[in-house]
Amino acid sequence: MVRGWDVMKNKTKKERAHRLFQDNMKLFRCPFCSHPFIRSRHFGLRCSQGHNFDLARNGYCNFLASAPKNDYQRDLFLARRRVFQAGLYQPLIVEISKLILDQGWKSVVILDAGCGEGSLLSQLYLLLAPGLTCSFLGMDINKEGIRLAGALGEPIIWGVADLAQLPLAANSVDAVLNILAPANYGEFKRVLKPGGMVIKVLPGPGYLREIRNQLEIDVPYSNEEVLNHLGKQLKIQVQKRIYYQSRPGKALWPHLLKMTPLTRYRERVIKPVPFLTIELELLKGVYPQQSFQKLRKEI
Ligand SMILES: C[S@@+](CC[C@H](N)C(=O)[O-])C[C@H]1O[C@@H](n2cnc3c(N)ncnc32)[C@H](O)[C@@H]1O
Ligand SMILES: [Zn+2]
């Protein structure tokens, strides 16, 4: 729940985003000079050194100086949105919500780092918000993704940002979500509060098996390298396999094929199947406390 949000229902997306940014100003810092942002009436953020970040009409803020090239285009994000909104990843969101509720927090700041078009964070908000005071932040380097996220209705702060240089203050976040996206553990550690956690989701060996088989990709997904790297940075407290057969239905099939760069230009060779395997690996990791103390000395 976001306090006092009811009165914002009839406002424009930009006005709503402005209110969210103003209310959560202390969570942010300028990605260019690391100074804090100051209160201002203009629709956007202004740091104490004069760097300005305007709010877009769709209610998001762009924190990047230039737009990097990226594999993901609008049609891919739209396809992901159709698939997520059909509920195919709801079991994953339920598991993530349990990890957060288990903490017993009364209020929580959650960052989705590499949130894409935002549906998964939005679904998590709908599950958690009724019982929690919360600030939800979704950030992605891809403007097309964030532009689509801004069109969603939930009170979530959306930003175009590089997860290697997040526009967030140190010790500002309780949980970093990192779902099927690259990670930057140094930056996650900086923005997390002591005792905060990283929730990482990786594709399991059987993920989208029926599509991969038809593309004759024989090598199963392997997370060995990612897990080795992650294990060096974080103490892994939970590692859980999520496995189910979804029934996508014919109407969803074209969107399933468009939601991953895997199938690009090869969509026609793939025939619909009645069941599609979703296998994911869900991890919860925390930074050992002494590494926070070391980091504080370095700041
Ligand atoms: C497979 S998509 C997953 C998106 C979303 N989590 C989902 O499951 O739909 C990977 C995402 O990571 C984002 N990404 C890649 N590099 C990034 C970076 N350096 N900073 C922020 N986002 C990044 C991409 O733009 C893309 O949206
Ligand atoms: Zn600045």
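Which residues of α4 are buried? In this predicted model, they are S119, L120, L121, S122, Q123, L124, Y125 and L128.

**Helix α4 and its cover**

Counted along the helix, eight of the 10 residues in α4 are buried, so α4 is mostly covered.

Two packed helices are described by the angle between their axes and the distance between the axes. Helix α2 spans residues 74-85 and helix α4 spans residues 119-128; their axes lie 9 Å apart and meet at an angle of about 30°. Because angles under 35 degrees count as roughly parallel, α2 is roughly parallel to α4. On the α2 side, the residues in contact are R81, F84 and Q85, and on the α4 side they are S119, L120 and Q123. By class, the residues of this contact are two nonpolar, three polar and one charged.

Next comes the open sheet. Eight strands form it, in the order β4-β7-β6-β5-β8-β9-β11-β10, and their pairing is mixed. At the edges stand β4 (60-62) and β10 (235-246), each of which pairs on one side only. From one strand to the next, the twist averages 20°.

The table below gives the sense and the number of bridges for each.

| Strand pair | Sense | Bridges |
|---|---|---|
| β5 and β6 | parallel | seven bridges |
| β5 and β8 | parallel | three bridges |
| β8 and β9 (residues 192-203) | parallel | six bridges |

D112 has G138 in β6 as its bridge partner, while L111 has V176 in β8. V176 in turn stands opposite V198 in β9. Strand β8 is mostly covered, with six of its seven residues buried.

**Two loop residues with positive phi**

What is the phi of N171? Its value is positive, about 55°, although N171 is not a glycine. N171 is found in the loop between β7 (157-160) and β8. It has 16 C-beta neighbours inside 10 Å and therefore counts as partly exposed.

L180 lies in the loop between β8 and α6 (185-191). Phi of L180 is near 50°, again a positive value in a residue other than glycine. With 17 other C-beta atoms within 10 Å, L180 is partly exposed; a residue needs 20 or more such atoms to count as buried.

**Around the ligand**

How many residues surround ligand 1? There are 18, and the closest are G114, G116, I141, N142 and A181. The shell around ligand 1 divides by class into 10 nonpolar, five polar and three charged residues.

Notes: Residues are numbered from 1 along each chain as its sequence is written. Chains are lettered from A and ligands numbered from 1 in the order in which they are written. This is a predicted model: local features need pLDDT of at least 70, side-chain atom pairs count only at pLDDT 80 or more; totals for chains, interfaces and linings use all residues. A residue is near a molecule or strand if its C-beta atom, placed from the backbone, lies within 6 Å of it. Ala, Val, Leu, Ile, Met, Phe, Trp, Tyr, Cys and Pro count as nonpolar, Asp, Glu, Lys and Arg as charged, and the others, Gly among them, as polar. Axes are lines fitted to C-alpha atoms, for helices over the stretch in contact, and angles run from 0 to 180 degrees between N-to-C directions. Helices (H or I, at least four residues) and strands (E, at least two) are DSSP runs, numbered from the N terminus. Angles under 35 degrees count as roughly parallel, over 145 as roughly antiparallel, 65 to 115 as roughly perpendicular and the rest as oblique. Two residues are in contact if their C-beta atoms, placed from the backbone, lie within 7 Å. A residue is buried if 20 or more other C-beta atoms lie within 10 Å of its own, exposed if 12 or fewer, and partly exposed in between; C-beta atoms are placed from the backbone. Two strands pair if DSSP finds at least two bridges between them.
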